[in-house]
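Welcome, and please take a moment with the model before reading on. The short report that follows walks through a few of its features, one heading at a time.

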Amino acid sequence: MRTQAAALVLAACASGAWAIPTFDEVRADFKPSDTLILSREGEVLQRLRTDATVRRGQWVPLADVSPALRQALVLSEDKRFFEHSGVDWRAASAAAWGNLWNQRTRGASTITMQLAGLLDGDWRQGPGGRTVAQKLGQTVAAQVLDRRWRKDQILEAYLNLVPFRSELVGIDALSRTLFDKAAHGLDDREAAVAAALVRAPNARPALVAQRACGVLRDLQQRPSTPTLPAAPAARVDCDALDLFTTAALQRRAFDASEGVAPHFTRYLLRQRDKDSAVPERVTSTLRAPLQRFAMQSLQQHLRELRGRHVEDGAVLVLDNATGAVLAWVGSSGQLSQASEVDGVLALRQPGSTLKPFLYAQAIAERRLTAASLVEDSPAQITTAGGLYIPQNYDRQFKGWVSVRTALAASLNVPAVRTLVMVTPDAFHRQLGAVGLPLRESGEYFGYSLALGSPEVPLLHLTNAFRTLANGGRASPVAVAPGNRNADSGRVSAAAPLDAKPRFTPAIDPRAAFIVGDILSDGNARARTFGTDSVLATRFWTAVKTGTSKDMRDNWAVGWSERYTVGVWVGNASGAAMHEVSGTSGAAPIWAAVMGFLHAREPSRAPKAPQGLVRAAVRFGPGPSSGAGAPQPLEAARDEWFVPGTQQPLFAMDSIAGEAYSSSASGQKTSKSAARAPAAPASASVAAPARITAPASGTVIALDPDIPPARQRLQFTATRDAVQWRLDGKPLGRGARVPWLPWPGRHVVQITDAQGTVLDEVRLEVRGAGVVTAPTRAGAH
């Protein structure tokens with residue numbers, strides 16, 4: 001009966017042993033604790049830990065393991081590994097004899113037997129040791145392994161599956177964590193420590209060092225070739241090895257994330273199907289050379305801005321046709337104190353970058369044309385929170401200008417007046433159509449919506465500009481093959497990397513073309529940016545910059561024939577920058593990335609869509625300067641029109657700017673100009689002189705981040721023959737007088753030649769940051 005029972009036990013053990021998987025199956029089932037994000041070229045861009053229960057690196061082929069480690073492991077664990085058939089019967093006999101006489105001997109478990117235990121948990125040693133059945137099963141399995149697998153496969157699988165210390169499993173995780181290098185670079189000393197950890201993974205450092213010292217001695221005595229005798233015993237400095245081992249066991253050099261696309265990686269993995277397993281490798285839409293260049297350009301430029309209190313930035317590059325994300329740099333990395341914050345997704349005020357969508361809507365609704373005249377002059381708009389007084393970045397006004405100039409030169413007051421025509425609620429709906437859903441209603445933001453007072457992420461803003469690049473057609477971005485809706489929370493099944501998305505109409509294509517033509521016009525932007533601006537590229541591009549209130553955010557977003565590039569510069573903390581404008585902050589980075597994209601690739605201007613009319617236009621004269629005949633407001637040119645809005649001449653019907661300035665909400669428009677109601681017909685009785693700007697009760701907030709000279713105000717009156725007084729002291733004479741404000745409450749008066757007060761207003765100047773109107777943003 002005993003013989004039969006033993007036979008049954010042996011048969012049961014043997015049946016499990018014959019079910020051992022093949023080497024290829026073990027290799028295929030190996031799952032690292034990290035996910036690798038690959039570029040479209042197949043290059044590893046980022047490694048991110050996605051399994052918190054264990055720390056595994058990549059599978060390491062035996063050829064990529066250092067010879068020192070291979071020899072140290074064999075010397076330490078199984079000296080006759082290459083001689084026996086899976087079970088070292090000589091060592092087993094010695095162990096049995098030692099146990100019989102209560103002598104301490106090394107265990108008889110071979111590398112092959114240990115691997116069998118790693119492959120099948122039934123044969124793994126428990127807290128009380130292995131049972132007889134487990135030992136028998138492990139013995140049979142080791143012999144089966146040795147017959148089915150090659151020795152190099154056994155050693156390779158063992159090195160990748162063996163637990164070393166704490167959560168570390170496999171030689172890749174061990175070598176990168178404790179020695180900060182790949183497995184092929186381990187030297188004798190490091191190999192000895194690794195081999196010692198196999199025997200006692202969680203032993204005290206002193207015990208690990210003691211065992212490593214013995215392994216190192218064996219290594220140094222090994223013959224250089226199999227035919228030569230062993231070298232004489234070398235002296236090993238065990239004290240030094242103890243210090244080295246203690247330091248190594250405390251090191252944690254294997255970071256949870258490593259690479260050039262950390263923020264993109266997190267975003268990409270969030271888009272996958274939540275019910276699916278985390279993949280080992282994910283191919284993305286990123287271009288590896290472009291990603292590295294964008295990151296380097298951002299860091300280099302921020303270093304150049306050192307001293308201006310700016311440390312963060314973000315860059316996004318999209319393919320116009322497919323929406324594929326080609327570069328995603330969410331942070332300046334080591335330059336930032338908040339490098340984990342993703343600047344591509346962070347909500348920030350976009351400033352003047354919303355103006356193209358406003359003018360596109362006004363053109364599509366036939367309220368304006370690219371040649372229509374709008375007045376850039378002081379305006380005071382009554383809101384629920386008080387008077388809203390928009391200002392230009394340079395605190396200067398240009399007078400009557402065309403829409404082309406107003407948009408290209410990024411003038412704030414004409415934009416606000418355009419929003420008065422369109423209405424905030426209608427513009428709010430337009431922004432939603434291009435992928436910029438805002439948290440609050442248009443009524444909440446009011447007229448500050450024209451200057452970018454809401455908060456939007458760079459991802460959505462750049463994709464909205466891509467809508468302009470695609471003739472007013474919108475589609476979501478793509479971050480992986482088959483991913484056509486990055487906001488849906490899922491990555492769909494694999495599809496061609498450059499598959500074209502489904503577009504939906506969001507902007508009138510004729511208006512989108514006209515806006516793109518304006519934003520590509522270097523002459524039109526010259527009044528603000530100059531003719532040699534960094535925005536002027538050697539190839540066709542259309543671009544818009546923006547700066548939010550208090551210089552907290554700076555933007556440059558634009559497109560070429562094939563790409564759309566968005567750049568944000570600022571501080572993740574929300575702190576203001578110091579004297580960083582549209583052309584000194586984000587624009588140089590935008591220009592560098594565009595130059596890299598088109599170093600060997602042309603960019604041609606788009607063709608006009610059907611239904612547009614190109615016609616010659618002239619402009620009427622501006623106000624007389626007293627030095628001769630008045631000059632045209634702008635030079636004659638050919639201009640694009642929506643059919644039915646074209647006309648040969650654009651001129652002012654009357655000069656009633658004073659009334660228009662004081663009541664922007666009451667304006668009337670025509671094809672020729674955005675202007676005020678006509679002046680009274682009767683002039684038999686002269687109207688009394690009045691102060692037209694500022695309005696009484698105005699509160700002015702000084703901005704410490706803007707140079708004082710750029711905060712100069714203009715006092716205006718309805719007559720030239722007046723004298724100005726400020727707080728009872730003479731200030732100047734004439735219809736316009738500049739004033740450099742200082743904090744306090746002030747009384748502004750105009751008098752006649754005899755000193756009689758004709759009009760008076762009161763205003764207050766505050767230190768900085770105090771506004772009673774809705775949150776304001778703006779600049780160019």
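## The disulfide

Cys 213 and Cys 238 are joined by a disulfide, with an S to S distance of 1.7 Å; the term stands for a pair of cysteine sulfur atoms within 2.5 Å. By this rule the count comes to one disulfide. Cys 213 sits in helix H10 (residues 205–221) and Cys 238 in helix H11 (residues 238–250), so the bond ties together parts that are 25 residues apart in sequence. Helices (H or I, at least four residues) and strands (E, at least two) are DSSP runs, numbered from the N terminus.

Please keep in mind that this is a predicted model, where local features need pLDDT of at least 70 and side-chain atom pairs count only at pLDDT 80 or more, while totals for chains, interfaces and linings use all residues. Residues are numbered from 1 along each chain as its sequence is written, and side-chain values use heavy atoms, leaving out hydrogens and water.

## Two helix pairs

Two packed helices are described by the angle between their axes and the distance between the axes. Axes here are lines fitted to C-alpha atoms, for helices over the stretch in contact, and angles run from 0 to 180 degrees between N-to-C directions. Helix H9 (residues 188–199) and H10 have axes that come within 8 Å and cross at roughly 125 degrees. That makes H9 oblique to H10; angles under 35 degrees count as roughly parallel, over 145 as roughly antiparallel, 65 to 115 as roughly perpendicular and the rest as oblique. The crossing of H9 and H10 is right-handed, where right-handed means that the near helix is turned clockwise from the far one by less than a right angle, and left-handed that it is turned anticlockwise. By class, this contact of H9 with H10 has 10 nonpolar, no polar and four charged residues. Ala, Val, Leu, Ile, Met, Phe, Trp, Tyr, Cys and Pro count as nonpolar, Asp, Glu, Lys and Arg as charged, and the others, Gly among them, as polar.

For helix H5 (residues 111–119) and helix H7 (residues 151–161), the axes come within 10 Å and cross at roughly 55 degrees. H5 is therefore oblique to H7, and H5 passes H7 in a left-handed crossing. Residues of H5 including Leu 115 and Leu 118 meet residues of H7, among them Ile 154 and Tyr 158, contact meaning heavy atoms within 4.5 Å. The contact of H5 with H7 has nine nonpolar, two polar and no charged residues.

Strand E8 (residues 312–319) is joined to E9 by four bridges, and Leu 316 stands opposite Trp 328 in E9.

Another open sheet has three strands in the order E3-E5-E4, with mixed pairing. E4 and strand E5 (residues 168–169) pair in the antiparallel sense over two bridges, and Val 169 in E5 is the bridge partner of Pro 163.

## A loop residue

Lys 398 lies in the loop between strand E12 (386–388) and strand E13 (399–402). Not counting residues up to four places away in sequence, Lys 398 touches Asp 376, Leu 411 and Arg 527. The C-alpha atoms of Lys 398 and Asp 376 are separated by 5.4 Å, although these residues are 22 residues apart along the chain.

Methods: Two strands pair if DSSP finds at least two bridges between them.
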